[in-house]
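Here's a quick briefing to read with the model open beside you.

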Amino acid sequence: MADRSLADRYPPGLGTLAVSLAAGVAGLLGSYGAVGFTTAFVVSPVERTLSLYMPGAVVTFAITTLGSLGQQLNFATAAAIVVVLYALLVGLSVGIGRQLDSRLVPLIGSAVTVWVATAALTNEYVASLGAAAAVGAVVAATDLSRTGGRVVGETDPNGRRRVLAGVGAAAGASTIGFALGEERSPTNVMGVNQDVYGDVDAPSYDVDDLLSTADERSDPVGDVDPLVSEGFYNVDINTIDPTPDAADWSLSVTGEVEQELELSYADLRAMDHEHRFVTLRCVGEGRNGHKTDTALWSGVPVGPLLERAGPTSDCECVMLRAKDDFYEEFPLEALESGLLALGMNGDPLPRAHGAPVRALVPGHWGEVNVKWLTEIELLSRERTGYWEKKGWQGTGPVNTVAKLHGRERVAEGRLAVGGHAYAGTRGVERVEVSTDGGATWSEATVTERLPGATGPAVDDSPEYARDAWRQWRYEYDSPGETHEVVVRAVDGTGQRQTREETGPVPSGATGWVSQSIDPGSL
Ligand SMILES: Nc1nc2c(c(=O)[nH]1)N[C@H]1C(S)=C(S)[C@@H](COP(=O)(O)O)O[C@H]1N2
Ligand SMILES: [Mo]
């Protein structure tokens, strides 16, 4: 038995397929173990390519029918592609090894090709050894597995033990990879966000007064968030956020300008800051969706920077570009009153919301509020942004909306409904409520507007936040039976929220929110 042929060392047909796929999974988790949930993880470049080239129809379908699951689907597809790629490399190495009757070719071939493929995808030569080591361990375990000294072909015609050895080794390597990856992730798979600010002294802002004013003015009904959101929503084109190191991050102002600028994080930090309450709303959310939130942002006004660069742009339009390859184009005028945010609610900007710096564009849909911002390019002609290429039209001002998310029994026979209303920089003037399906209307109580921007960068302090939501509340006698509550907002120009109902695609949901309320359930 000393001279066993290679054919006996690897299980035939389906067995090798099983071992190769198991090795693929182990390789995936080997990569995760080496770098955690960062852009160096082998899935990251694949999901980025998918999100850049995935046809708009698929993306829109995913968003409208699956909600935020679209992004997870993208991630799962990318992970599956990596597993199949690794499995192919292992299967090929084993096949060639068989032809050459060599024991070394499967092992060395698998490890080396997986390493090269991972390094080519991620540009991480050392970290890619994680994937190679895991795959190598699986192949070696298959090769070395003991068969009890008997002739393999007789006792184990399907190479069952070898399959078990390979799959077992894959399970072990995957478990270790997963544990290591969770350990070193800035945001790990289990969803814990360990914020990373890079190698700088992260700013903290003295904004307690503003935050406590916001708290005092809040009037949440039921379990609705206060005026400063407790869990700010998140929309990204990729599952794995970039982690630019603030120390070597820079922002450039390029294109149709008299003078191009390049600013480091330290440059921005040294400039005068402003603190302002700003609401963001995603164009992709439903009429009564949960992707509208408000924070107190701290940062540098964009206007003076643009003036310094001296725009000469013919189209009066601008492209913002980011570290995750996201890009959005919109009218320059909208950016002039914008903010480059470095802080959120007194803390440094979290990774999930665009650390180290994101753009805030007053009154415009969330998508142009580009995170992980790297470039402001003044254009000579209009171009199409990421979401517009996929069929959305979300570069304009937000639609007016009043949402109904809170309901409670305030006393015997007395009910309250409430929520948030937002109309971008037009502001919310009032909110009207009907508790009889739209037959009769009354005015809701709305919260006092959030305070205006403060800080050394503000010349003449505005009285209230121009681009922030308000909360509304309406209390009424319970009709005793299930009834339809309808709500609509009127903006600061006197324009009432349109009644015409449309879905989110392409330019944001419209229509009045209407909810059925059963007093018995409150
Ligand atoms: N770089 C980058 N910026 C981005 C996005 C993105 O995927 N990448 N998503 C946009 C979209 S669609 C929205 S609605 C907002 C969401 O911001 P948030 O995740 O901080 O809530 O960010 C915008 N900025
Ligand atoms: Mo969005």
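This is a predicted model: local features need pLDDT of at least 70, side-chain atom pairs count only at pLDDT 80 or more; totals for chains, interfaces and linings use all residues.

The patch covers about 500 Å² and is made by Leu 14, Leu 17, Leu 21, Val 84 and Leu 88. Two elements give two or more residues to it, namely helix H2 (14-35) and helix H5 (69-100).

**Surface patches**

- Leu 17, one of the residues of the nonpolar patch, is found in helix H2.
- Leu 17 has a relative accessibility of 47%, so it counts as partly exposed; the cut-off for exposed is over 50%.
- There is a negative patch too, formed by Glu 307, Asp 314, Glu 316, Glu 333 and Glu 336.
- Glu 316 from that negative patch sits in the loop between helix H12 (302-309) and strand S5 (317-322).
- With 48% relative accessibility, Glu 316 is classed as partly exposed.

**The chain as a whole**

- You're looking at a chain with 14 helices and 19 strands.
- Its C-alpha trace spans about 90 × 65 × 40 Å along the principal axes.
- Of the 522 residues in the chain, 52% are buried.
- The chain exposes about 22500 Å², and carbon and sulfur atoms supply 52% of that area.
- Take the contacts between residues at least 6 apart in sequence: 75% of them join residues at least 24 apart.
- On the charge side, there are 40 positive and 69 negative charges, and their mean positions lie 9 Å apart.

**Salt bridges**

- How many salt bridges does a search of the whole structure find? The search turns up 19.
- One of them pairs the side chains of Arg 217 and Glu 448, at 3.3 Å from N to O.
- That pair links distant parts of the chain, 231 residues apart: Arg 217 is in helix H10 (residues 208-217), and Glu 448 is in the loop between strand S16 (445-446) and strand S17 (470-477).
- Arg 217 is partly exposed because its relative accessibility is 22%, and the cut-off for buried is under 20%.
- Glu 448, at 51% relative accessibility, counts as exposed.
- Another salt bridge brings together the side chains of Glu 408 and Arg 473, at 3.8 Å from N to O.
- This pair also links distant parts of the chain, with Glu 408 in strand S12 (residues 406-411) and Arg 473 in strand S17, 65 residues apart.
- Is Arg 473 buried or exposed? Arg 473 is buried, because its relative accessible area is 13%.
- Its partner Glu 408 counts as partly exposed, at 24% relative accessibility.
- Arg 430 and Glu 432 form a salt bridge as well, and their closest N and O atoms are 3.1 Å apart.
- Within that pair, Arg 430 is partly exposed at 27% relative accessibility, while Glu 432 is buried at 8%.
- Salt bridges with shared partners also tie Asp 219, Glu 408, Arg 473 and Glu 475 into one network.

**Helix H3**

- Helix H3 (residues 43-53) is mostly covered, as eight of its 11 residues are buried.
- Which residues of H3 are buried? They are Val 43, Ser 44, Pro 45, Val 46, Glu 47, Arg 48, Leu 50 and Ser 51.

- Ala 247 has its place in the loop between H10 and strand S1 (250-255).
- Ala 247 counts as partly exposed, with 47% relative accessibility.
- If you want a distance to check on screen, the C-alpha atoms of Ala 247 and Gly 492 are separated by 42 Å.
- Along the chain, Ala 247 and Gly 492 are 245 residues apart.

Note on methods
Residues are numbered from 1 along each chain as its sequence is written. Chains are lettered from A and ligands numbered from 1 in the order in which they are written. Side-chain values use heavy atoms; hydrogens and water are left out. Patches are made of residues with over 30% relative accessible area and no salt bridge: like charges are joined within 9 Å, nonpolar side chains (Val, Leu, Ile, Met, Phe, Trp, Tyr) within 5 Å. Accessible areas come from the Shrake-Rupley method with a 1.4 Å probe; for residues, only the protein chains shown count as cover. A salt bridge is a side-chain nitrogen of Lys or Arg within 4 Å of a carboxyl oxygen of Asp or Glu. Lys and Arg count as positive and Asp and Glu as negative; His and the chain ends are not counted. The place of a charge is taken as NZ of Lys, CZ of Arg, CG of Asp or CD of Glu. Helices (H or I, at least four residues) and strands (E, at least two) are DSSP runs, numbered from the N terminus. Buried means under 20% relative accessible area, exposed over 50%, partly exposed in between (1.4 Å probe, protein chains only). Contact means heavy atoms within 4.5 Å.
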